[in-house]
Amino acid sequence: MDFPKELKYHKEHCWVKVEGNRALIGITEHAQEELGDIVYVELPERGGDTEQDESFGTVESAKAISELFAPISGRVVDVNDDLGDQPELINDDPYDSGWMIEIEVSDNAELENLLSSEQYKKYIEEEKG
Amino acid sequence: MQPWRLINSPPSDGFTNMAVDEAIFKTVSAGSAPPTIRFYTWAPPAVSVGYFQNSPGDVDLAACREMGIDVVRRLTGGRAVFHDRELTYSVTCPDNVPTFPDDILGTYKIISSCLVYGLNSIGLNASLTSPMKKIVKDSPSACFTSPSHHEIAIDGKKLVGSAQRRGEGGFLQHGSILIEFDGERLRKVLPGTVGLECVTSIRDHSNIDIHSLVCRIIEGFEKGLGISFSNGDMTDEEAALSRRYRKERYSRDEWNLKRPAHI
């Protein structure tokens with residue numbers, strides 16, 4: 001399973017890719033595998049806010065609705081509209097074309113609460129028992 | 001081990017039923033109420049649609065009005081269910097209870113196994129369906145005739161349909177156990193429904209009354225989960241929350257008829 005080293009990870013299975021004061025957010029390969037085929041995605045609108053550890057959207061898969069929890073706080077500047085017609089991008093390519101939102105980071109210090117690739121890998125291994 | 005709470009609710013309309021499930025989901029996930037199993041029925045009957053489902057597109061709203069059937073949007077996923085003569089269960093549990101795994105299908109499997117224990121104990125040949133094909137977006141609109149995972153069938157015909165929501169520190173799974181099934185009535189409110197021959201009901205196999213059925217299913221959960229129940233009711237907080245959710249969400253057309261703004 002792939003956990004790119006340049007990303008930071010949240011324990012609720014989202015990744016963050018920070019570039020300057022912007023950050024892309026999506027769900028991890030582990031998360032998409034656990035969820036199964038994703039059929040709908042609900043994401044915040046541009047201009048909305050995310051708050052670290054709080055819900056920022058939902059996905060429907062395998063007959064469950066699962067909430068998405070924001071890895072960091074910020075203002076939503078872009079949303080991946082392609083997921084409306086092609087939610088399967090999240091399953092097929094979770095770290096690239098399956099990205100979900102882009103935010104303007106409001107507090108860089110929050111990144112310290114996130115996990116590195118190695119730490120996240122260890123975390124899900126422990127979670128699986 | 002923490003005792004579970006058992007709530008037997010009086011028959012209620014769909015707006016109340018969904019508001020109560022959400023209120024209990026909220027408090028149980030937050031740890032202010034114990035893990036809970038609830039049983040309820042629907043009066044008047046109602047169609048519930050999945051969280052992301054396009055209700056005006058899939059439900060004959062005029063027929064529902066004429067037949068006195070409410071339409072309500074669920075918090076959970078999946079497709080439309082006609083709640084007519086059925087017993088509904090709901091299970092709410094926080095994430096930190098080791099009884100259930102973190103994943104959706106693992107949770108389905110455990111809950112379905114408990115239901116199967118109960119159904120087998122009244123002599124029904126109920127069993128879990130195998131995990132099936134991929135879910136196809138915009139496939140048939142009625143839940144009972146769509147592919148599913150770890151659901152419950154008798155001789156290959158579906159008896160129980162369930163749906164789940166995860167988040168905020170816990171999960172809610174609720175599902176319909178068909179007591180009697182009238183395909184013609186179903187087709188009036190959900191006209192696109194196909195595969196009715198693949199549905200069965202308790203009445204096709206047993207004359208058990210609902211109270212006795214609930215008792216057997218409770219025993220199934222006690223055996224399957226290794227837990228004990230204490231009879232309970234909603235807390236004041238849950239009662240207040242459910243009134244609020246009913247008023248602000250589930251009794252409103254904006255919620256029930258308008259699909260969430262998925263992208």
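Modeller: Helix 6 of chain B spans residues 210-225. It has 16 residues and reaches 22 Å from its first C-alpha to its last. That is close to the 22 Å expected at 1.5 Å a residue, where the expected span is 1.5 Å times one less than the number of residues. Helices here are DSSP runs (H or I, at least four residues) and strands are E runs of at least two, numbered from the N terminus.

This is a predicted model: local features need pLDDT of at least 70, side-chain atom pairs count only at pLDDT 80 or more, and totals for chains, interfaces and linings use all residues. Residues are numbered from 1 along each chain as its sequence is written, chains are lettered from A and ligands numbered from 1 in the order in which they are written, and side-chain values use heavy atoms, with hydrogens and water left out.

Now the sides of helix 6 of chain B. Its buried residues are L213(B), V214(B), I217(B), I218(B), G220(B), F221(B) and L225(B). Because they cover an arc of only 155 degrees around the axis, they sit on the same side of helix 6 of chain B. The arc is taken from the directions from the helix axis to the C-beta atoms. Buried means under 20% relative accessible area, exposed over 50%, and partly exposed in between (1.4 Å probe, protein chains only). The face turned away from the buried side carries the exposed residues H211(B) and K223(B).

What do the buried residues of helix 6 of chain B pack against? Strand 1, strand 2 (36-40), strand 6 (86-94), helix 4 (104-120), strand 10 and strand 11 (229-231), in chain B. Contact means heavy atoms within 4.5 Å.

Next, the ends. D209(B) caps the N-terminal end of helix 6 of chain B. A side-chain oxygen of D209(B) lies 3.2 Å from the backbone nitrogen of H211(B). After helix 6 of chain B comes G226(B), with a positive phi near 65 degrees.

Strands count as paired if DSSP finds at least two bridges between them. Q164(B) has Q173(B) in strand 10 of chain B as its bridge partner. The hairpin of strands 9 and 10 of chain B has 2 residues between the strands, and E168(B) takes a positive phi near 55 degrees there.

Strand 9 of chain B is mostly covered, with 10 of its 11 residues buried. Strand 8 (residues 152-154) of chain B pairs with strand 9 of chain B in the antiparallel sense, over 3 bridges. K157(B) in strand 9 of chain B is the bridge partner of I154(B). This hairpin also has 2 residues between its strands, and D155(B) in the turn has a positive phi of about 50 degrees. Chain A takes part as well: strand 7 (residues 64-69) of chain A runs parallel to strand 9 of chain B, joined by 3 bridges. There, S66(A) has R166(B) as its bridge partner.

Back to E168(B). Its side chain meets that of K26(B) in a salt bridge (3.2 Å, N to O). The pair links distant parts of the chain, 142 residues apart: K26(B) lies in helix 1 (residues 14-30) of chain B, and E168(B) in the loop between strand 9 (157-167) and strand 10 (170-178). A salt bridge is a side-chain nitrogen of Lys or Arg within 4 Å of a carboxyl oxygen of Asp or Glu. At 37% relative accessibility, K26(B) is partly exposed. E168(B), at 39%, is also partly exposed.

The whole structure holds 14 salt bridges over all chains. Another joins E248(B) to R244(B), with the closest N and O atoms 3.6 Å apart. Both lie in helix 7 (residues 236-250) of chain B, 4 residues apart, about one turn of the helix. E248(B) is exposed at 52%, while R244(B) is partly exposed at 42%.

P11(B) sits in the loop between strand 1 (4-8) and helix 1 of chain B. P11(B) counts as exposed, at 54% relative accessibility. Beyond its neighbours within four places in sequence, P11(B) contacts T41(B) and A43(B).

Key
A polar contact is a pair of N or O atoms within 3.5 Å; within protein, one must be able to donate a hydrogen and the other to accept it, and residues adjacent in sequence count only if both atoms are side-chain atoms.
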